[in-house]
Amino acid sequence: PVSSEAILEQGEAMTSGLSGRISAAARLTRFEGARLLGEKEAAWVCGATVAGPLVFSYARWVLWRARKLGLTHLFFLARDAYLPFQAVERIIDEEQSDLKVVYLYGSRPTYYALDVEELGEREWAALTSFAGSGYESLANLSRVLMVKPETLVEVAEAAGVDGSDPGRALSGGELEALKRVLLDTPEFNEKCVGEIGEYQDGMRELLGDAGVDENARVGLVDTGWTTRSHAPLYRFVESLGSKQVHLLYLGLAGGQCAVPSDRVETFLFNQHTRTGWWLPEFDYARPLESLLMAPHGRTEGFLLEDGIVKPKLAEPENPEFLEEFYPTYEAAISAFLDNVKTLVPGAGADQGMAIVAGDLIHRFWSKPDDGEVLLWSRLSWEWDPLGHIKYPLARAYRFADVVPAALKGRWPMPYPQFWVGGARVLTAPGVSTAIRCVLAVRRRVKGLVARLPSALSSTATGLFHKLADRRS
């Protein structure tokens with residue numbers, strides 16, 4: 001496949017030479033890891049030539065937009081903005097030394113609870129609707145409701161539900177009984193609302209310590225996709241008196257915008273405004289969330305320790321990967337940022353760089369090399385926000401996948417956001433040949449069927465002319 005460095009070099013004309021300088025920094029960084037072997041070499045090369053240029057380009061754009069918008073604060077939202085946060089801290093220039101840059105821990109459960117002022121049917125549905133079905137437990141409910149586990153055990157006992165095992169999946173009847181007691185019993189309802197309020201107070205204190213007040217102009221930085229999970233945080237920051245709040249995303253997908261659309265800025269694409277670089281057949285979410293992974297677990301809440309609000313973090317996913325390969329990957333990105341800083345100044349609009357960055361992502365996911373596949377296929381990813389349902393990024397195709405390929409006319413996706421590019425590399429030659437053959441046959445048949453109407457029309461026209469000639 002075409003290398004990432006080649007993609008950067010090919011983009012020189014549209015970036016006024018910028019991507020060429022970034023390519024030089026990537027090559028220099030790659031050479032620095034020449035003594036590494038196996039998957040560690042792949043981790044270094046990917047950090048130096050894919051993730052490094054990506055986070056650097058995005059960070060430059062974020063700083064440029066922050067200057068144009070007059071922002072005073074940038075909050076990089078965990079966990080997708082961990083590496084862009086590192087990049088911004090490294091490349092921020094003297095002109096923006098007064099810009100407050102903070103890595104803000106949080107996740108969908110912690111953000112959704114910021115909107116809650118009372119706990120009724122609507123609030124219960126909003127807080128629990130994203131958590132999936134079939135595995136609701138007291139532990140999960142504690143996370144999404146921002147209520148203490150011991151409080152929910154009390155509610156469970158009052159509802160006649162066994163609360164001795166917080167991790168046990170509740171039946172539909174148990175869950176409904178617990179919900180009814182929690183919502184309809186004033187004592188429990190007020191206690192739960194109070195605990196949600198304590199959580200909100202902690203977040204308010206956390207943001208206050210970061211300087212958010214009536215004079216703040218805030219940018220919330222994340223990969224993006226939709227505004228739904230960030231809308232409660234957006235409203236919460238506004239409620240603190242901030243003059244202006246903007247979402248600075250890598251990309252915005254379709255659907256209804258949950259915040260004013262003029263407050264959303266995007267680097268790669270914006271489907272609402274139909275601007276930017278977008279491939280309809282390509283889902284950016286999974287490759288970006290893999291490349292921009294953070295070395296810590298999701299935020300489950302906040303604790304007050306010694307007068308300081310600190311995040312309560314779950315155990316991270318993929319601990320073996322984080323321990324064995326992530327340090328090498330992050331070190332390569334760090335080395336790249338050091339090297340590129342000498343070649344490229346601080347912030348910039350960088351015309352065309354979004355297209356080049358999109359090409360890097362697309363190459364990595366659609367046409368990975370063997371080393372990248374062996375490394376990144378070690379990862380699993382969480383399908384649900386609580387991390388109970390997980391899938392590997394890719395698995396080898398099997399002969400059982402031949403029939404789905406024939407029916408759908410493409411390499412199949414056994415589950416959502418399946419890494420087709422990685423799976424093709426992992427697949428045994430015999431299986432690959434079988435799938436390619438059925439796809440070729442399907443394309444051939446489809447082509448013949450498409451030409452059939454014109455062929456029949458030509459035949460009919462020819463017969464008509466022959467009959468006309470005979471009559472004449």
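1. A charge over a ring to start with: R65 lies over the face of W64, 5.0 Å from the ring centre. The term is used when NZ of Lys or CZ of Arg is within 6 Å of the ring centre and within 35 degrees of the ring normal. Bear in mind that this is a predicted model, where local features need pLDDT of at least 70 and side-chain atom pairs count only at pLDDT 80 or more, while totals for chains, interfaces and linings use all residues. Numbering runs from 1 along each chain as its sequence is written, and side-chain values use heavy atoms, with hydrogens and water left out.

2. Six strands make up an open sheet with mixed pairing, in the order 2-1-3-4-5-6. Its edges are strand 2 (100–104) and strand 6 (275–276), each of which pairs on one side only. For the terms: strands (E, at least two residues) and helices (H or I, at least four) are DSSP runs numbered from the N terminus, and two strands pair if DSSP finds at least two bridges between them.

3. Going through some of the pairings, strand 1 and strand 3 run parallel and are joined by four bridges, with F75 opposite L220 of strand 3. Strand 3 also pairs with strand 4 in the parallel sense, over eight bridges; here L220 stands opposite L247 of strand 4. Strand 4 (244–252) runs parallel to strand 5 (264–270), with five bridges between them, and L247 faces V264 of strand 5.

4. Which strands does helix 4 touch? Helix 4 (residues 82–91) packs on the sheet against strand 1 (73–77) and strand 2, and its direction makes about 160 degrees with that of strand 2. Contact here means heavy atoms within 4.5 Å; axes are lines fitted to C-alpha atoms, for helices over the stretch in contact, and angles run from 0 to 180 degrees between N-to-C directions.

5. Helix 4 is largely enclosed by the rest of the structure, because seven of its ten residues are buried. Buried means under 20% relative accessible area, exposed over 50%, and partly exposed in between (1.4 Å probe, protein chains only). The buried residues are Y82, L83, P84, F85, A87, V88 and I91. Their cover includes helix 3, strand 1, strand 2, helix 12 and helix 14 (326–341).

6. Strand 3 (residues 217–225) begins with R217, and the strand is mostly covered, with eight of its nine residues buried. R217 itself has 28% relative accessibility, so it counts as partly exposed. Beyond residues up to four places away in sequence, R217 touches L69, G70, L71, T72, H73, K243 and Q244. With Q244 there is a side-chain to side-chain polar contact of 2.4 Å. (A polar contact is a pair of N or O atoms within 3.5 Å; within protein, one must be able to donate a hydrogen and the other to accept it, and residues adjacent in sequence count only if both atoms are side-chain atoms.)

7. The other arginine is R286, in helix 12 (residues 285–291). Is R286 buried or exposed? It counts as buried, because its relative accessibility is 10%. The side chain of R286 makes a polar contact of 3.3 Å with that of E289. Setting aside neighbours within four places in sequence, R286 is in contact with W365, W381, E382, L393 and Q417.

8. On to the rings: there are 24 aromatic pairs in the structure. The centres of W61 and F267 are 5.8 Å apart and their planes sit at 45 degrees, so this pair is tilted. W61 belongs to helix 3 (38–69) and F267 to strand 5, so the pair ties together parts that are 206 residues apart in sequence. W61 is buried at 6%, and F267 is buried at 8%. Rings of Phe, Tyr and Trp (its six-membered ring) pair if their centres lie within 6.5 Å; planes under 30 degrees apart count as stacked, over 60 as edge-to-face and the rest as tilted.

9. F321, F325, Y326, Y329, F364, W365, W376 and W419 form one aromatic cluster.
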